Amino acid sequence: MISLLLILFSSLFFVGIIIRLKAKIAARKMPPVLQPVYDVIRLFRKGAVYSNTTSIIFKVAPLIYFASALVAALFMPIGSLKPLLSFEGDFVFFAYLLALGKFMMILAAMDTGSGFEGMGANREAFYSMLVEPAFFILIGSVALFTDNISFHALFLNFNVDSNLAYIIGIASVYVLIFIAMVENSRMPVDDPKTHLELTMVHEVMILDNSGFDLGLIHISSWLKFSIYGALISNFIIQGSWAFYWQIAAFLGIQLAFSLTVGVLESFKARNKLEKNPQWIIILSAISIVVFLTALIITQKIILN
Amino acid sequence: MTYLFIILYAITLIYFALSERVKKFVWLLSIQGVILFGIVFFSLNEIEIFDFIFILAETILVKTIIVPWFINKVRKRNNLKRIHEPSVPVFYSIIVVVISLLISFLVSNHLQSNYIHTKYFTVSFASILFGIYFIIIHKNIFSHVVGYLIIENGIFLLSLAVGSEMPMMVNMAILLDVLMGVLVLGVFINRIGNTFESTRIEQLSNLKD
């Protein structure tokens, strides 16, 4: 229960810290940390406008997107703090819950009948497809390394005690940071601040959403950031630490992660669209190296 | 500790496949030199002290500093373009390098021999395969030199794999070979650059006597 509350709590501030840091770096006046929350509250007060061409799918998609992100948060442990739900192989369920939400958003974008939104949906589906093997190979390798297949047991037994385990930890954090960036359509693949529909990926998909629906989509994106931050923190927090240290470390890592995203977005140029696939496949390549490392540690590959 | 550097070496191979900028090639070669230094430092401590120091000096001086510095000079002198487009899309190159890594790890798993240290064999085999592939996909003579140096790093690892008691003479010969190769190719690139004002190899097929 505590882990869920922590994730929800940190999600409130996550995007606020990013935009604050970006404003600071660009020497603009900094908005308050809770500015995204105020924006969403304003959106919730408004009604939604629906185009005549849309069907029921367009109306339920934001709800399903939000619900899938929220349910995915239930599976996320933090250190030795138990998640609300946990079963064997729940990381597959977790990944496909997030994929379900994304799938509904893609359907909704197609539902509007706009050419731009179809194009954005196409790109988003392609990038998600490329990033999926990276996630599964990575978590699969960690599962092989710790010999457990549920999130809670897997991270509880993830002990960084040898040099090779450090490689697994560092490479996993690196890959997960960029998976989070791709899944949330942030800088190196997509620019959330772009104003040209032709170059948008995620933003063009939600052009037709307004009011309440748009608010839900924003909240889901905070939640997804916070969930991935929790996933990253699990690689660093050890189950043997004291309870309050784990919570402090979690909050610290979330803060560091949001600052990393802010710095990356301020200084990194956006990839050319044609370079995106190769940039994303590199995450899978590094995951395969992690997999080979796990094979060496568990003596599945015997070298002398 | 050796495994750590071996895995890092595998990661540099992946970044070789990803990068398209010439300057990055030079950096990656330099990083590979440091990694080879680490591998030698943590694994070859039962050989004679003079040989040990010589091999360490070879990796840190020649592979990390002199060769990258020299080819960087060649790059600047010939005003090479920042980006060399390979003839195969980078997407496929990354898949190729990953497959070659997987194959070489699997092959070394089956090579149960007392004479071969399979832990070095893994990345050395992948490095040689990838170096050849790197030469094939690039149309630029400068990148061919880089590919040659990748192969050479693989051969260095292979020499560690077949026994840590490698004769001094062989070591000296390989070192001399590499240095001469890079120097000659550097001069060659400079001459081509002066004559054709480009380093693309298509120019060479127009030569007639």
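## A loop lysine and a positive patch

Lys268(A) sits in the loop of chain A that runs between helix 10 (243-267) and helix 11 (276-297); helices here are DSSP runs of H or I with at least four residues, strands are E runs of at least two, and both are numbered from the N terminus. With 30% relative accessibility, Lys268(A) counts as partly exposed (buried is under 20% relative accessible area, exposed is over 50%, partly exposed lies in between, with a 1.4 Å probe and protein chains only).

Lys268(A) forms a positive surface patch together with Arg21(B), Lys23(B), Lys24(B), Lys76(B) and Arg82(B). Patch residues have over 30% relative accessible area and no salt bridge, and like charges are joined within 9 Å.

## Basis of the model

This is a predicted model, in which local features need pLDDT of at least 70 and side-chain atom pairs count only at pLDDT 80 or more, while totals for chains, interfaces and linings use all residues. Residues are numbered from 1 along each chain as its sequence is written, chains are lettered from A and ligands numbered from 1 in the order in which they are written, and side-chain values use heavy atoms, without hydrogens and water.

## Salt bridges

Over all chains, the structure holds eight salt bridges (a side-chain nitrogen of Lys or Arg within 4 Å of a carboxyl oxygen of Asp or Glu). Glu265(A) pairs with Lys22(A), with 2.7 Å between the closest N and O atoms. This pair links distant parts of the chain, since Glu265(A) is in helix 10 and Lys22(A) in helix 1 (residues 2-25) of chain A, 243 residues apart. Glu265(A) is buried at 4% relative accessibility, and Lys22(A) is buried at 15%. A network of salt bridges links Lys22(A), Arg186(A) and Glu265(A).

Lys102(A) and Glu183(A) meet in a salt bridge of 3.4 Å, N to O. Lys102(A) belongs to helix 4 (residues 90-111) and Glu183(A) to helix 7 of chain A, so the pair ties together parts 81 residues apart in sequence. Lys102(A) is buried at 5%, as is Glu183(A) at 11%.

## Positive phi angles

Ser185(A), which is not a glycine, has a positive phi near 55 degrees. Ser185(A) lies in the loop between helix 7 (163-183) and helix 8 (202-205) of chain A and is buried at 3% relative accessibility. Gln299(A) also has a positive phi, about 65 degrees; Gln299(A) follows helix 11 of chain A and is exposed at 58%.

## Chain B

Chain B has seven helices and zero strands. Of its 209 residues, 54% count as buried.

Terms used: Patches are made of residues with over 30% relative accessible area and no salt bridge: like charges are joined within 9 Å, nonpolar side chains (Val, Leu, Ile, Met, Phe, Trp, Tyr) within 5 Å. Accessible areas come from the Shrake-Rupley method with a 1.4 Å probe; for residues, only the protein chains shown count as cover. Lys and Arg count as positive and Asp and Glu as negative; His and the chain ends are not counted. The place of a charge is taken as NZ of Lys, CZ of Arg, CG of Asp or CD of Glu.
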